[in-house]
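Come along while I look things up one by one and jot down what I find.

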Amino acid sequence: MSGPTREDERFMAAALRLARRNLGLTSTNPSVGCLIVKGGTILGGAVTAPGGRPHAETQALAEAGDQARGATAYVTLEPCSHHGRTPPCADALIAAGIARVVISILDPDERVAGRGVVMLREGGIDVDVGVLRAEGERVLEAYLMRQRNRRPHVTLKLAVSSDGMIGREGEGQVRITGAISRAQVQVLRAETDAILVGVGTASADDPELTVRLEGLENRSPIRIVLDRRLELPVGSKLVRSAREFPLILVAGAADVPSPRARGEGTRRADEGRDRGASLARRGAEYAGRRAALEAAGVEVLSTDTIADLVTALASRGISSLLVEGGARAARDFLDAGLVDRIMLFTGPAAIGEYGIEAPFERKSVPAGFALRRTARYGDDIFEDYERDTGCSQA
Ligand code: AOF
Ligand code: ZN
């Protein structure tokens, strides 16, 4: 075998396009694409099923049937070697008589980590690894981030007016961008595992944070609200839809008032008593709000730092997180150094008086981010920034 060819790249590109289809649908599993090809003809093609199983390879092999004997399989991620809820895909490829497997990315999952390739080779299959690696890394970026760094890949989305504002005081949702930009955000939501806003935005805007594109409604991500003191109204759209679309409120562990709190540490006894009584009342109110939220199907998660939060999200299998506002949540993630990508939409109109200032705008994108792409969506300017790792600069 003479190694990867142009044709290999062409089929891998097609497999990667297939993989993109189920992004956001397969968590905690990655969305993998697989094509079975013989003599330049595609005999089978599949992507990891919603929910993560079956894996791509077994479906593609089933489609190809007996024809798979002697064929080449293009897989965007190393085929698995472990007995999970399904038998190893490496075994399935061997049993089907596949002659050659072309892989884009090795699987960092410790149950696989190169063993898939070893199994294939021991089964007499030619294996090429690293075809379209850069594109593969991109399609699998969220999964790879969780596996390698134990946290989700974080995208910060920001819609800013021409005068650098994200909204107007006391006014709820203000239209900043046009229809095309808003549709792009819907697609973004559909491809992501979880979406996060601060309680200020959640209370002011009363958003639903679901996907409203026809045919993609079932792709709504898990919704997360940073809500240290559990102030999100039980009557909000977010809470009312919690049974249909999961909702997690992130309470601050250190902010939980205890119903049995005492006014210790105060100088005078009566002062201590008053403070104790008020703390106890706040504690009881908090406990009541929490009980009401939980009764509505909301999950309360207590963590004190953004770093702890992202670790907790990764451990429950969330690989991609979209931070949608407001300014405070954006700053918290930036300050924690936990933003990998910034998608900045700039609208043509000004907000003017009572504007809520954006954490940054086009002219002041935080240091450490490089512009990868720009586009015009109607009258809006879209800019796509990525954390500058330095390695992609020629
Ligand atoms: C593949 N093909 O399409 C995908 C793979 O929980 P399980 O048993 O489904 O295993 C999950 C692991 O399988 C996941 O962490 C990753 O290593 C691999 N995903 N492998 O051969 C696929 N989605
Ligand atoms: Zn598998």
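**Entry 1: the cores**

I began with the largest nonpolar core, which has 54 residues; Leu-158, Leu-196, Val-225, Leu-249, Val-323 and Phe-333 are the members that touch the most others. By nonpolar core I mean a set of buried Ala, Val, Leu, Ile, Met, Phe, Trp, Tyr and Cys residues joined through C-beta atoms within 7 Å. I call a residue buried if 20 or more other C-beta atoms lie within 10 Å of its own, exposed if 12 or fewer, and partly exposed in between, with C-beta atoms placed from the backbone.

I picked Val-225 and listed what it touches: Val-197, Val-199, Ala-202, Leu-232, Leu-238, Leu-249 and Val-250, leaving out residues up to four places away in sequence. Contact here asks for C-beta atoms, placed from the backbone, within 7 Å. Apart from this core I found another, of 49 residues, including Ala-71, Leu-77, Val-112 and Leu-144.

A note on what I am looking at: this is a predicted model, where local features need pLDDT of at least 70, side-chain atom pairs count only at pLDDT 80 or more, and totals for chains, interfaces and linings use all residues. Residues are numbered from 1 along each chain as its sequence is written, while chains are lettered from A and ligands numbered from 1 in the order in which they are written.

**Entry 2: the chain as a whole**

I counted twelve helices and 16 strands in the protein chain. Helices (H or I, at least four residues) and strands (E, at least two) are DSSP runs, numbered from the N terminus. The C-alpha atoms fill a box of roughly 85 × 50 × 40 Å along the principal axes. Of the 394 residues, 43% are buried. Among contacts between residues at least 6 apart in sequence, 72% join residues at least 24 apart.

**Entry 3: helix α12**

Which residues of helix α12 (residues 327-335) are buried? I noted Ala-329, Ala-330, Phe-333 and Leu-334. Seen down the axis of α12, the buried residues fall within an arc of 135 degrees, so they line one face of the helix; the arc is that of the directions from the helix axis to the C-beta atoms. Their cover includes β6 (153-160), β8 (194-198), β9 (222-226), α11 (306-315) and β12 (320-323).

I also checked both ends of α12. In the loop between β12 and α12 sits Gly-326, and the peptide bond to it from Gly-325 is cis, with omega near -5 degrees. Just after α12, Gly-337 has a positive phi of about 70 degrees.

**Entry 4**

How do strand β4 (residues 100-105) and strand β5 (residues 126-129) pair, parallel or antiparallel? They are parallel, with four bridges; for a pairing, DSSP must find at least two bridges between the strands. Val-101 stands opposite Val-127 in β5. Together, β4, helix α4 (residues 115-122) and β5 form a right-handed β-α-β unit. Right-handed means that, with the strands pointing away from the viewer, the path from the first strand over the helix to the second runs clockwise.

I then turned to Asp-107, in the loop between β4 and α4. Is Asp-107 buried or exposed? Asp-107 is buried, because 26 other C-beta atoms lie within 10 Å. Beyond its neighbours within four places in sequence, Asp-107 is in contact with Leu-77, Glu-78, Cys-80, Val-112, Ala-113 and Gly-116. Its C-alpha atom is 8.4 Å from that of Leu-144, which is 37 residues apart along the chain.

Leu-106 is found in that loop between β4 and α4 too, but Leu-106 is partly exposed, with 17 other C-beta atoms within 10 Å. Not counting residues up to four places away in sequence, Leu-106 touches Glu-78, Gly-114 and Val-129.

The peptide bond from Ser-27 to Thr-28 is cis, with omega near 10 degrees; Thr-28 lies in the loop between α1 (6-21) and β1 (33-38).

Asp-206 is not a glycine, yet its phi is positive, at about 45 degrees. I found Asp-206 in the loop between α8 (199-205) and β9. Tyr-354 also has a positive phi, near 65 degrees, and Tyr-354 is exposed, with 11 other C-beta atoms within 10 Å.

Last, I looked up UniProt: an unreviewed entry gives the annotation "domain: CMP/dCMP-type deaminase" for residues 6-128. Such annotations may be inferred rather than shown by experiment; positions are in the numbering used here and feature names are shortened. Over residues 6-128 I noted 33% helix and 23% strand, with the end C-alpha atoms 13 Å apart.

How values were computed. Contact = placed C-beta atoms within 7 Å.
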